[in-house]
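Hi,

Here's the structure I promised to pass along.

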Amino acid sequence: MTLNPEYPVFANTRPWNELILRGVRTFKTLSFPWKYRGTIYLYDTKGPGDFDGEDWADERGVKVGHQFGFPGCIVGTVEVYGIRSFAETETGADYEILLRNPQRVHATPFRFRSRGRIARIQE
């Protein structure tokens, strides 16, 4: 798979990306108002999976373990089309970016440069 260096790479602990790719989770929490709109890559971090993600999925009748995923790999794309702020967020987060059109891709490791949770592909 050829990666587009123009797309931001958004890192998530497992199983959050799987829930986005299944269409169960249609937003991602942020602590800042991100202005970007368009396609982003979803990246499974190398760290341990998130039990909160597993619990969140269970509450919605979806079975996916915190160990699920492909650590260190891009696993899909999704379109960012909007944002909502604290008073409107489902989770109580400062901001939630709204996501649609998830597309799974073959798990692909990549080289990147990062400023926190949002990275860019390093050419």
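**Strands, cores and rings**

Glu79 sits opposite Arg100 of strand β5. Keep in mind that this is a predicted model. The pairing there is antiparallel, with ten bridges between β4 (residues 73-85) and β5 (residues 95-109). On β3 (residues 38-44), β4 has another antiparallel partner, this time over seven bridges, and Gly38 faces Val80 there.

Now the inside. The largest nonpolar core has 13 residues, and Phe10, Trp34, Ile40, Leu42 and Ile97 touch the most other members. Elements giving two or more residues are α1 (16-21), β3, β4 and β5, with β4 supplying the largest share, three residues. A second, separate core holds nine residues, including Val9, Ala11, Ala119 and Ile121.

On to the aromatics: the whole structure has five pairs. Tyr7 and Tyr41 are tilted, because their planes are at 55° with ring centres 5.3 Å apart. That pair bridges 34 residues, from the segment before β1 (9-12) to strand β3. Tyr7 is partly exposed at 26% relative accessibility, while Tyr41 is buried at 3%.

Phe27 and Trp56 are edge-to-face, with planes at 80° and centres 6.3 Å apart. Since Phe27 lies in strand β2 and Trp56 in helix α2, the pair ties together parts 29 residues apart in sequence.

Cheers

Terms used: Residues are numbered from 1 along each chain as its sequence is written. This is a predicted model: local features need pLDDT of at least 70, side-chain atom pairs count only at pLDDT 80 or more; totals for chains, interfaces and linings use all residues. Side-chain values use heavy atoms; hydrogens and water are left out. Two strands pair if DSSP finds at least two bridges between them. Helices (H or I, at least four residues) and strands (E, at least two) are DSSP runs, numbered from the N terminus. A nonpolar core is a set of buried Ala, Val, Leu, Ile, Met, Phe, Trp, Tyr and Cys residues joined through side-chain atoms within 4.5 Å. Buried means under 20% relative accessible area, exposed over 50%, partly exposed in between (1.4 Å probe, protein chains only). Rings of Phe, Tyr and Trp (its six-membered ring) pair if their centres lie within 6.5 Å; planes under 30 degrees apart count as stacked, over 60 as edge-to-face and the rest as tilted.
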